[in-house]
Amino acid sequence: MKLTDLTGKQVEVKNCLGCEIVEEKISVMGGLIFKGKHFSIAQDFELPINGFIILSSNRHIEKFIELTQEEQFELNTLIHKTLKILEKNSVAEEYNIILEEKKGVHLHVWLMPRHKWMIEKFGKVLKNVKEIQKYAKENMRIEENLSKIQQTCNLLKSQLNK
Ligand SMILES: [Zn+2]
C-alpha cells in the first residue's frame, strides 16, 4: 500500500502502519519521539498539523479492552506527560484525545490539537475532523509549518526522554 506522508512523499507500507512505525521500519517526520515499554509516540504520519501526536501500542492489538492494566497505566501517563509539555510550550491550548477502534487497524490514540485556524475556518473541530485533515494535507505542507512540526517533535523528544 502506498501512503503519502505529511511532507508529501510517497511511502510504500508493506504491513501494518502502526507496527512499522513502532518498529522503526518506516520513518515518520520527527522520528520516533519516545519508545516506552508498551507505547510509542510519534508525530502523525500523514497530517502536517503541528502537535498532532500519536501514541501507538508496541504490540499489535486493535481493541482498547485488550490492554493489560500495566499498558493502560503507561498509556495514561504518557498522554498526560505529552499534553503537559505541549501545553506548557504553547503548541495549542486544548486537545481532543481520540481513540477510534477499527478492525485491522493498530491501536493508537490521537492527540488532536485545537488550533485557532481550525476554529476560525471550520467552527466545531470534532464535527469537522475529516475536512480539517483534508485542508491540512492540501494547504499545510509548507516549509514554515513543517519546521514548526519538527521543532515540536524535538521538544517532546528532549523532554520525554529526560
Ligand atoms: Zn500493527
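Student: Let's start with Ser-90: is this residue buried or exposed?

Tutor: Keep in mind that this is a predicted model, where local features need pLDDT of at least 70, side-chain atom pairs count only at pLDDT 80 or more, and totals for chains, interfaces and linings use all residues. Residues are numbered from 1 along each chain as its sequence is written. A residue is buried if 20 or more other C-beta atoms (placed from the backbone) lie within 10 Å of its own, exposed if 12 or fewer, and partly exposed in between. Ser-90 has 8 other C-beta atoms within 10 Å, so Ser-90 is exposed.

Student: And where is Ser-90 placed?

Tutor: Helices (H or I, at least four residues) and strands (E, at least two) are DSSP runs, numbered from the N terminus. Ser-90 isn't a glycine, yet has a positive phi of about 55°. Most residues other than glycine have a negative phi. As for its place, look in the loop between helix 2 and strand 6 (95-98).

Student: How many C-beta neighbours does Glu-24 have inside 10 Å?

Tutor: Glu-24 lies in the loop between helix 1 and strand 3 (34-35), and here too a non-glycine has a positive phi of about 55°. Glu-24 counts as partly exposed because its number of C-beta neighbours inside 10 Å is 13.

Student: What distance separates the C-alpha atoms of Gly-8 and Arg-141?

Tutor: Gly-8 belongs to the loop between strand 1 (2-4) and strand 2 (10-12). With 10 C-beta neighbours inside 10 Å, Gly-8 counts as exposed. Gly-8 and Arg-141 are 133 residues apart along the chain, and their C-alpha atoms are separated by 7.1 Å.

Student: Which residues does Ser-57 touch, leaving out those up to four places away in sequence?

Tutor: Ser-57 is in strand 5 (residues 53-57) and is buried, with 24 other C-beta atoms within 10 Å. Touching means that the C-beta atoms of two residues, placed from the backbone, lie within 7 Å. By that test the partners of Ser-57 are His-38, Phe-39, Glu-71 and Leu-107.

Student: What does Phe-39 touch, with the residues up to four places away not counted?

Tutor: Phe-39 is found in strand 4. Phe-39 is buried, with 24 other C-beta atoms within 10 Å. Its contacts are Leu-55, Ser-56, Ser-57, Asn-58, Glu-74, Leu-75 and Leu-78.

Student: Which residues have the most contacts inside the largest nonpolar core?

Tutor: A nonpolar core is a set of buried Ala, Val, Leu, Ile, Met, Phe, Trp, Tyr and Cys residues joined through C-beta atoms within 7 Å. The largest one here has 31 residues, and those with the most contacts inside it are Ile-21, Ile-41, Ala-42 and Leu-55.

Student: How are helix 2 and helix 5 oriented to each other?

Tutor: Axes are lines fitted to C-alpha atoms, for helices over the stretch in contact, and angles run from 0 to 180 degrees between N-to-C directions. Helix 2 (residues 69-88) and helix 5 (residues 143-160) pack at about 125°, with their axes 10 Å apart. Angles under 35 degrees count as roughly parallel, over 145 as roughly antiparallel, 65 to 115 as roughly perpendicular and the rest as oblique. Helix 2 and helix 5 are therefore oblique.
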